[in-house]
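Please look over the sequence and the fold shown below. The report then works through them by topic.

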Amino acid sequence: MRKDVRILLVGEPKVGKTSLIMSLVSEEFPDEVPLRAEEITIPADVTPERVPTHIVDYSEAEQSDEQLYQEISKANVICIVYSVNNKKSIEKVTSHWIPLINDRTDKDSRVPLILVGNKSDLVEHSSMETILPIMNQYQDIETCVECSAKNLKNISELFYYAQKAVLHPTGPLYCPEEKEMKPSCVKALTRIFKVSDLDNDGILNDNELNFFQRTCFNTPLAPQALEDVKNVVRRNMTDGVQDNGLTLKGFLFLHTLFIQRGRHETTWTVLRRFGYDDDLELTQEYLFPLIKIPPDCTTELNHNAYLFLQSVFDKHDKDRDCALSPEEVKDLFKVFPYMPWGPDVNNTVCTNDKGWITYQGYLSQWTLTTYLDVQRSLEYLGYLGYSIIYEQESQAAAMTVTRNKRIDLQKKQTQRSVFRCNVVGSQGSGKSGFLQAFLGRSLQRQRTIREDHKSLYAISTTYVYGQEKYLLLHELMPEFDFLGPDEADLSCDVVCLVYDVNNPQSFEYCAKVYKKHFMDSKTPCMLIAAKSDLHEIRQHYSLTPLEFCRRHKLHPPQPFTCNTSDVPIKDLYTKLTTMAMYPHLAQVDSKNSTFWLRASLGATVFAVLGFAMYRALLKQR
């Protein structure tokens, strides 16, 4: 909402502009009226909307046209004052003042107008019959007030309406000609309804209505008040209430009713609580709250964020198959202005046999987004209403910023849950196959992936000594340009050097990359002998891959193939995660195999345990 309101009073000489201001301030009619009142500021604590209000007078006798134009450009709302007993001053409203103001304001951001009929104490009749056609002709006119500076009639109401026209404008919400809400308002309220419909059944039940009421107005509705609201809807439309809950149609009808009855502030309170600005766009402050991320730190979702995302998944997994069908994904993202996930997401995370994103895959994608682009993750959580449903100040409360990676390396331990592995290799060495195998896809299944749907990322969970961790594989193109040796340590947690055992040129590329970027680095490296189901050919390099590993104290090349009838084995990925978590243990004498043994054993035990726990969780859900 605006931090202050600036009200300008214009009109013909002698209509009582200055008297109105002075009567408001002194609460009595002035004996002597100057040509123009000085600008006054009413403090926030004495205004109904708790916003400082500046009231500015205009005098033709004291001010030039240029000064008038400047004041028009600065005003948030303009009161055009006329005298109810002076027909000429009424005519001037349309012949002079409205055209003048419209010429001086931008078409897309017209300032709201209020028509003020002063000196109502001098006549017995109302000027409304003359004024109503003018109000119908000009959309910028918010309202008309008849008042009297002399007997103080409607003076405070006049300035309250002026404040309200700025803070709760009708223009963005409602079209008077059509007698219905504008499409942008319907769109915003529809998103609010969907976010508030916590079980996604298309109805706001009493609990959801009370939560909505408490969220927006800090007070629940009494049971009788809830019934009264539903009865109003029932009387006016047949499908506004269903199963004793409010449908979207009923929800929109109520807000139309509020606006038609001049209760714009009710609808605006709801819109602003859910992050909307005066143009019914979600504000930058709402979508992108400030979050400080020091260099060399990463971003992860915290426990509450995962609980929230689980509830969003459950809400949209209507057939309870623990996967999101394309229709369910579409429904989930209806509260977004665009579809955030493309077809590549299905090849970045785990899917079921139909290619639908599983529960684990869904959480993995959120983890990936948060790690790679925390601003986008904040934006997405904003669309889903995280801060509202979890009653947090902003989505930033969903994030954990990890400590500097250099400290992890010094202390030889980490609290992080997401580890990044850069996968390096020459063209055709098997990098893509290695990524897809992590998602449980054999070579046969990989061949069905369309070229334009492929992804350079793969993310899933692994178990290291009983702890569930996310491993994020990032395939680098052969023409990549690495950072310097120091930065390489921090850009990822572990490196996979992939070569094709069947291609004699393949290993040389890995050897050169290692010697150039990682030989003196603290980043652990693993050599992958890909396509190990094929005949191994001698590599055109001075050392064999095994000799190279011995010389550089790397673990022996790890054989890998995804050309299997079963789901590819995940042991290698557990080893990579273990190396990422304990980099100080990874580069050891190749004769010492206890590191691998411990990693493999831990992975096997906890993969079984983890699967059992996962199944138990699914049964609960």
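## Basis of the model

This is a predicted model: local features need pLDDT of at least 70, side-chain atom pairs count only at pLDDT 80 or more, and totals for chains, interfaces and linings use all residues. Residues are numbered from 1 along each chain as its sequence is written, and side-chain values use heavy atoms, with hydrogens and water left out.

Helices (H or I, at least four residues) and strands (E, at least two) are DSSP runs, numbered from the N terminus. Two strands pair if DSSP finds at least two bridges between them.

## The six-stranded sheet

Six strands form an open sheet in the order S2-S3-S1-S4-S5-S6. The pairing is mixed. Strand S2 (40-42) and strand S6 (141-146) are the edges, and each pairs on one side only. From one strand to the next, the twist averages 20°. Angles run from 0 to 180 degrees between N-to-C directions, with axes fitted as lines to C-alpha atoms, for helices over the stretch in contact.

Strand S1 (residues 5-11) and strand S3 (residues 53-57) run parallel, joined by five bridges. Val-5 stands opposite Thr-53 in S3. Helix H1 (residues 17-26) lies across S1, S2, S3, strand S4 (77-83) and strand S5 (113-118), at about 145° to S3. Helix H3 (residues 87-103) lies across S1, S4, S5 and S6, at about 160° to S4.

## The three-stranded sheet

An open sheet of three strands has the order S9-S11-S10, with antiparallel pairing. S9 is joined to strand S11 (residues 245-247) by two bridges. Leu-204 has Leu-246 in S11 as its bridge partner. H9 lies across S9 and S11, running at about 80° to S11.

## Aromatic pairs

How many aromatic pairs does a search of the whole structure find? It finds 27. Rings of Phe, Tyr and Trp (its six-membered ring) pair if their centres lie within 6.5 Å; planes under 30 degrees apart count as stacked, over 60 as edge-to-face and the rest as tilted. The rings of Phe-212 and Phe-251 have centres 5.5 Å apart and planes at 75°, so this pair is edge-to-face. Phe-212 sits in helix H7 (residues 206-217) and Phe-251 in helix H9 (residues 248-260), 39 residues apart. Phe-212 is buried, at 7% relative accessible area. Phe-251 is buried too, at 3% relative accessibility. Buried means under 20% relative accessible area, exposed over 50%, partly exposed in between (1.4 Å probe, protein chains only).

Trp-366 and Tyr-380 are also edge-to-face, 6.1 Å centre to centre with 90° between the planes. Trp-366 lies in helix H14 (residues 359-372) and Tyr-380 in helix H15 (residues 374-384), so the pair ties together parts 14 residues apart in sequence. Both Trp-366 and Tyr-380 are buried. Ring pairs link these two into a cluster whose members include Phe-313, Phe-333, Tyr-359 and Tyr-383.

## The annotated domain

UniProt, in an unreviewed entry, lists residues 304-339 as "domain: EF-hand". UniProt positions are given in the numbering used here, feature names are shortened, and annotations may be inferred rather than shown by experiment. In the model, residues 304-339 are 56% helix and 6% strand. The end C-alpha atoms of this stretch are 24 Å apart.

## Enclosed elements

Why is helix H18 (residues 431-438) largely enclosed by the rest of the structure? Because seven of its eight residues are buried. Among them are Lys-431, Gly-433, Phe-434 and Gln-436. Gly-440 follows H18 and has a positive phi, near 85°.

Strand S17 (residues 457-464) has six of its eight residues buried, so it is largely enclosed as well. S17 pairs with strand S18 (residues 467-475) over eight bridges, in the antiparallel sense. Tyr-463 has Glu-468 in S18 as its bridge partner. Two residues separate the strands of this hairpin, where Tyr-465 takes a positive phi near 50°.

## The loop at His-540

His-540 is in the loop between strand S20 (525-530) and helix H22 (545-551). Its C-alpha atom is 7.8 Å from that of Phe-507, 33 residues apart along the chain. Not counting residues up to four places away in sequence, His-540 touches Pro-504, Gln-505 and Glu-508.

The side chains of His-540 and Gln-505 make a polar contact (3.2 Å). A polar contact is a pair of N or O atoms within 3.5 Å; within protein, one must be able to donate a hydrogen and the other to accept it, and residues adjacent in sequence count only if both atoms are side-chain atoms.

Notes: Contact means heavy atoms within 4.5 Å.
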